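The following explanation is intended for a reader meeting this structure for the first time. Please keep the sequence and the model in view while reading.

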Amino acid sequence: MTFFLATPRGSWEELRSEQQCQDAASVNAGVQLPSWVPSHPSCSIIGCSAWKPLSSLWKAAPGVASWSCGWRRKRQPLLRLSVASLCPEEGETLHAPCRLEEMEGQVIGGMLRLFHSRLPRLRAGSLQDNPRDPVKEPERPQEHCLPTFAGGQHFFEYLLVVSLKKKSSGPDYEPTITYQFPKRENLLRGQQEEEERLLGAIPLFCFPDGNEWASLTEYPRETFSFVLTNVDGSRKIGYCRRLLPTGRGPRLPKVYCIISCIGCFGLFSKILDEVEKRDQISMAVIYPFMQGLREAAFPAPGKTVTLKSFIPDSGTEFISLTRPLDSHLEHVDFRSLLTCLSVEQILQIFASAVLERRIIFLAEGLSTLSQCIHAAAALLYPFSWAHTYIPVVPERLLDTVCCPTPFMVGVQMRFQQQVMESPMEEVLLVNLCEGTFLMSVGDEKEILPPKLQDDILDSLGQTTHEPWTSEQLNEHVSGPFVQFFVKTVGHYASYIKREANGQGHFQERAFYKALNSKAIRRFVKKFVKTQLFSLFIQEAEKSQTPSAGYFQRKILEYEEQKKHKKSREKTVK
């Protein structure tokens, strides 16, 4: 089930507060249930490809709610709400939302109250066949996802092997989990249901290309990743290595997939190398290595963990896994993005992401696709993209590109025509193979303040002239974008006023009026309305002392530079 809610700023807050909804994506622009839910074969993604009268939709599918309120002048959405049953009848496709006349006041209030009454049932994860039947809340899992990027946590939750198995009827193949470590036993009911949903979705993302396959003698090895977002906003990352198994003659590819709460692409690529090396000997050799990895604590930034592993005919090996010192870039590599696009195009993608627009990346290879979309999202640091985020969209979920809410997704080039024919509004469609924009809004070059835009271009223009390591390149590319946020919103902490109990309140108007540059002020007035900024400020309001992280260090450095500059100017006078 997928459901969306797009409203003017603030009108979702009351409903979110009453339900105590913690999903970051629900604050402003929409809500999406766990990404593995709609991937189930019996589920239907709600798109915008057709419009039906509300009455006919209710008759066709009881339990489906769909509301929409057209657009005001200047294309400001009033209210768009669509909710769909998890399990429509076989062969039935539901389309929403339906178009209604503009609604305000009591009408919207009534619709929100109706949605409010249904929300607990929706968030439980399914709708029963009979909407009148009582709905039982599922038991909550006892295990919680550990916080990303913290040292001392476990490396991974699962290692899976996903293989292609021929369907009982027809020529198509279906991806299936053929190996799982660890096998979990004695789970509570809620934990077991959670695991089944998770494991049921993973094969779809390991083979997003569809079900039409043929045996091969050669296949280029691909390393890529996907992201599954839970109801509470937490994310699980799937690190995948797709290749042909060892053997002779034509055979089908398989995927090693490591599921983790930790974002560290380079480190997990090395782990997949070790898994692949052991699989060439025997699957039995994988178990002791992964068990040792599971028992080891994930290292803190800049630290190394060393594993001892025995391999038949080779003896004991010591494997060192080092975590980058700068942890905010450990899940990304900017090389692919710089190879595929010019720095001017990267800047336009950044501008679109900052205003939370819809962005689609097209590429042939899964590796290129996932690396580029992760790199684009990393440019937003210290802010986090909280909307729909799918590095590689499976064929079955291509209707995602019709969603009315912000998204950042990657689609394989083979589905380009299908994407181009989908009804989409205000989308940036990026062709990574040819380095072009196939669709755009048209104002991407005017979003950012001109002076700050030139500063970023000047810094990035030096990128291709130096033989940097991956970490050096990441820092060089990310640095100008971090500096952009330092100059535009780095003074945020001075405009959080605190009560006696420590609770902070952000002074929005005074915050952007403190900026001297009209161009920067104009940009910031838009940016403070985004969910990127809202979530960041909410955390800052809760914290009584500013975070001592990388962004805060850059703010302090910038303030020191300004002080020195003023001091020199006074001396000259």
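Helix α11 passes helix α12 in a right-handed crossing. Residues 450–460 form α11 and residues 470–489 form α12, and the axes of these two helices come within 9 Å and cross at roughly 160 degrees. Because angles over 145 degrees count as roughly antiparallel, α11 is roughly antiparallel to α12. On the α11 side, the residues that meet α12 are Leu452, Asp455, Ile456, Ser459 and Leu460. Their counterparts in α12 are His476, Val477, Pro480, Phe481, Phe484, Lys487 and Thr488.

The spacing of such contact residues can be read against the geometry of a helix. An α-helix has 3.6 residues a turn, so residues three or four places apart point the same way.

The model is predicted. The mean pLDDT of the protein is 74, and 72% of its residues reach 70 or more. Over residues 1–152, however, the pLDDT is below 50, although this stretch has 301 contacts in the model beyond near neighbours in sequence. Where pLDDT is low, the predicted coordinates should not be read in detail.

With that caution in place, the overall composition can be stated. The protein contains 16 helices and 17 strands. It has 573 residues, of which 52% count as buried. Among contacts between residues at least 6 apart in sequence, 66% join residues at least 24 apart.

Helix α8 covers residues 343–354, and its axis lies 10 Å from that of α11, at an angle of about 135 degrees. This angle makes α8 oblique to α11. The crossing of α8 past α11 is right-handed. Val343, Glu344 and Leu347 are the α8 residues in this contact, and they meet Gln453, Ile456, Leu457 and Leu460 of α11.

The axes of α12 and α16, the latter spanning residues 550–572, come within 10 Å and cross at roughly 65 degrees. The two helices are therefore roughly perpendicular to each other. Here too the crossing is right-handed, with α12 passing α16. From α12, the residues involved are Glu475, Val482, Gln483, Phe485, Val486 and Lys487. They meet Tyr550, Phe551, Lys554, Ile555 and Tyr558 in α16.

Helix α5 may be considered by itself. It runs over residues 265–279, and its 15 residues reach 21 Å from the first C-alpha to the last, close to the 21 Å expected at 1.5 Å a residue. How much of α5 is covered? The helix is mostly covered, with 11 of its 15 residues buried. Among the buried residues are Phe265, Leu267, Phe268, Ile271, Leu272 and Val275. The buried residues also include Glu274, Glu276, Arg278 and Asp279.

The loops deserve attention as well. The loop between β5 (173–181) and α4 (189–206) holds Pro182, and the peptide bond from Phe181 to Pro182 is cis, with omega near -5 degrees. Asn186 is found in the loop between β5 and α4. Phi of Asn186 is near 55 degrees, a positive value in a residue other than glycine. Asn186 is exposed, with a relative accessible area of 79%.

Glu356, in the loop between α8 and β11 (358–363), likewise is not a glycine and has a positive phi of about 55 degrees. Is Glu356 buried or exposed? At 12% relative accessibility, Glu356 counts as buried, because the cut-off for burial is under 20%.

Another cis peptide bond joins Tyr381 and Pro382, with omega about 15 degrees. Pro382 lies in the loop between α9 (366–378) and β12 (388–390). A further proline, Pro299, is placed in the loop between α6 (286–295) and β9 (304–311). Pro299 is buried, with a relative accessible area of 6%. Its C-alpha atom is separated by 7.5 Å from that of Thr322, which lies 23 residues apart from Pro299 along the chain.

Terms used. Residues numbered from 1 in each chain as written. Predicted model: local features only at pLDDT ≥ 70, side-chain atom pairs only at ≥ 80, totals over all residues. Heavy atoms only, no water. Helix = DSSP H or I, 4+ residues; strand = E, 2+ residues; numbered from the N terminus. Expected span 1.5 Å × (residues − 1). Buried < 20%, exposed > 50% of the residue type's maximum accessible area, 1.4 Å probe, protein only. pLDDT = per-residue confidence, 0-100. Contact = heavy atoms within 4.5 Å. Axes fitted to C-alpha atoms, helices over the stretch in contact; angles between N-to-C directions. Parallel < 35°, antiparallel > 145°, perpendicular 65-115°, else oblique. Left-handed = near helix turned anticlockwise from the far one by under 90°.
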